[in-house]
Amino acid sequence: MENKSFILSIVALAVSIVTLAVIFFRVTPNSVIDLGTFIGVMTALIGISITFLVGYQIYNAIEIRQKLAEVDRLKSELESANNNLALLKSDVYEGVYSLAASTATKSLKDASNAFPNELIATSYTLDLVHSKDDCIRTIYDLEKYLLLVNHKTIKPEDVPIYMECCNLFIKDIKSHKNYSYIKDEFQRIIKAFYARMEKIIAGKEVSTDNVYADID
């Protein structure tokens, strides 16, 4: 940009010098440079100046357009990188909470934590899936871990707090943009979850092999 300004300054200076030189000539009817010549030279110089200015504006407009195109390209690349980073984050967290759910099943006192951990993992799974078929394993794991919530793994007095925590994760899942992929199956699981919690609070036995057996 500085080089262009310098060149334009030189051109403007040259035009000014030529103009001053012409002005200082005596313009008379018998002089070498008469009025017509003077007007012609001035007109030519004005035309040249306008040509340079128009050319510069065109060049400048093209350069600006190229820079805007470059900005758009960089913006698109940045958005793509952010999306990839978000997917990578979801993939990592899904793995972490799925592993936490699986690990909880190794101990009787922690077994009831498998279900809420899998609920959290499900919210991240929905970030990654593209169809209903991608959610089959998630539904299976939720059913499997819900069976572990029984009188041996949770006390009736602990159920209200347990439900309150699970409800937060359930709410997140239901508000997810991809919730429709698991809506029918998930609603059935949650219905079984509430029925199971009511039975545990009431001191009734719950099924250990069919998660949907507790639904009236």
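This is a predicted model: local features need pLDDT of at least 70, side-chain atom pairs count only at pLDDT 80 or more; totals for chains, interfaces and linings use all residues.
Figure 1. Asp 141 and Arg 137 are both located in helix α4, four residues apart, which is about one turn of the helix. The two residues form a salt bridge in which the closest N and O atoms are 2.8 Å apart. With a relative accessibility of 7%, Asp 141 counts as buried, because buried means under 20%. Salt bridges with shared partners connect Glu 94, Arg 137, Asp 141 and Lys 144 into one network.

**Figure 2. The salt bridge between Arg 137 and Glu 94.** Arg 137 also meets the side chain of Glu 94, with an N to O distance of 3.4 Å. This pair links distant parts of the chain: Arg 137 belongs to helix α4 (residues 136-146) and Glu 94 to helix α2 (residues 35-104), and the two are 43 residues apart. Is Glu 94 buried or exposed? At 13% relative accessibility, Glu 94 counts as buried. Arg 137, at 42% relative accessibility, counts as partly exposed.

**Figure 3. The salt bridge between Lys 132 and Glu 185.** The side chains of Lys 132 and Glu 185 meet at 3.3 Å, N to O.

**Figure 4. The contact of helix α3 with helix α5.** The axes of helix α3 (residues 114-128) and helix α5 (residues 159-174) come within 9 Å and cross at roughly 10°. Angles under 35 degrees count as roughly parallel, so α3 is roughly parallel to α5. On the α3 side, the contact involves Phe 115, Pro 116, Leu 119, Ile 120, Thr 122, Ser 123 and Leu 126. These residues meet Tyr 162, Cys 166, Phe 169, Ile 170 and Ile 173 of α5. By class, the residues of this contact comprise 10 nonpolar, two polar and no charged.

**Figure 5. Helix α6 and its buried residues.** At 1.5 Å a residue, the 20 residues of α6 should span 28 Å; the end C-alpha atoms of the helix are 29 Å apart, which agrees. Which residues of α6 are buried? They are Phe 186, Ile 189, Ile 190, Ala 192, Phe 193, Ala 195, Arg 196, Met 197 and Ile 200. The cover over these buried residues includes α3, α4 and α5. Just after α6, Gly 203 adopts a positive phi of about 80°.

**Figure 6. The helices of the whole protein.** The protein contains six helices and zero strands, and from the N terminus on its elements run α-α-α-α-α-α. Of its 216 residues, 31% count as buried. Among contacts between residues at least 6 apart in sequence, 68% join residues at least 24 apart.

Notes. Residues are numbered from 1 along each chain as its sequence is written. Side-chain values use heavy atoms; hydrogens and water are left out. Axes are lines fitted to C-alpha atoms, for helices over the stretch in contact, and angles run from 0 to 180 degrees between N-to-C directions. Angles under 35 degrees count as roughly parallel, over 145 as roughly antiparallel, 65 to 115 as roughly perpendicular and the rest as oblique. Contact means heavy atoms within 4.5 Å. Ala, Val, Leu, Ile, Met, Phe, Trp, Tyr, Cys and Pro count as nonpolar, Asp, Glu, Lys and Arg as charged, and the others, Gly among them, as polar. A salt bridge is a side-chain nitrogen of Lys or Arg within 4 Å of a carboxyl oxygen of Asp or Glu. Buried means under 20% relative accessible area, exposed over 50%, partly exposed in between (1.4 Å probe, protein chains only). The expected span of a helix is 1.5 Å times one less than its number of residues.
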